[in-house]
Amino acid sequence: MLLDILRIMVLKLHVFDFDDTLVSSNAMVRVTHKDGVTEELPSHEFATYIPLPGDDFDFNDFEIYPPDGKILSNMFNKMQAAIQQYGPDNVIVLSARGNTTVMREFLQDNGLTHDIEIVGVASSDPQAKGRFIRDKVLSGGYNEVYVFDDSKANVQAIGAAMKKIDGVQ
């Protein structure tokens, strides 16, 4: 009985990034420098790219169905297990992408059967993810947050946002 009460009191949110966490693809960020030279960066390289003055970014590959996309089984299975254990309302996919329709379609095409929240912050700024999770935690009453994201900057931004909320781990 006491264990059941404790389970109710602890509300866990599981947050999964899309690109390079749940899915790998050939999507590229195109960076055009002020001298006119364009280079293509896969998302894992863009995650650590330091913008130069005058850079212009093209994220079009991240608004379409993931080109040559493949599920990353280990993390996808963790997400499925979290859905089973904690329910679909306590698991979200949070991406820098803006188009959630193609993310949902891809995940469903690859075995996602539950209707979980899929959010695209439409920004490569890690603070955007931090702000979203902060608001989600405050509105949902969560006191534990588990983040699965390939970007250290995103994890740090979410962690910093959580430190500002009393009682959240």
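Two strands count as paired if DSSP finds at least two bridges between them. Helices (H or I, at least four residues) and strands (E, at least two) are DSSP runs numbered from the N terminus.

I am working from a predicted model, where local features need pLDDT of at least 70, side-chain atom pairs count only at pLDDT 80 or more, and totals for chains, interfaces and linings use all residues. Residues are numbered from 1 along each chain as its sequence is written, and side-chain values use heavy atoms, with hydrogens and water left out.

**Sheet.** I looked up the strand order and found E8-E7-E1-E9, an open sheet of four strands with parallel pairing. At the edges I noted strand E8 (117–120) and strand E9 (144–148), each pairing on one side only.

I then checked strand E7 (residues 91–95), which runs parallel to E8 and is joined to E8 by four bridges. Val93 stands opposite Ile118 in E8.

**Helices on the sheet.** Helix H4 (residues 100–109) packs on the sheet and touches E7 and E8; contact means heavy atoms within 4.5 Å. The direction of H4 makes about 140 degrees with that of E8. For such angles, axes are lines fitted to C-alpha atoms, for helices over the stretch in contact, and the angles run from 0 to 180 degrees between N-to-C directions.

I traced helix H5 (residues 126–140) across strand E1 (12–16), E7, E8 and E9, and its angle to E7 is about 155 degrees.

**Lys78.** Is Lys78 exposed, partly exposed or buried? I found Lys78 in helix H3 (residues 73–86). Lys78 counts as partly exposed because its relative accessibility is 40%; buried means under 20% relative accessible area, exposed over 50%, and partly exposed in between (1.4 Å probe, protein chains only). Leaving aside neighbours within four places in sequence, Lys78 is in contact with Phe16 and Phe148.
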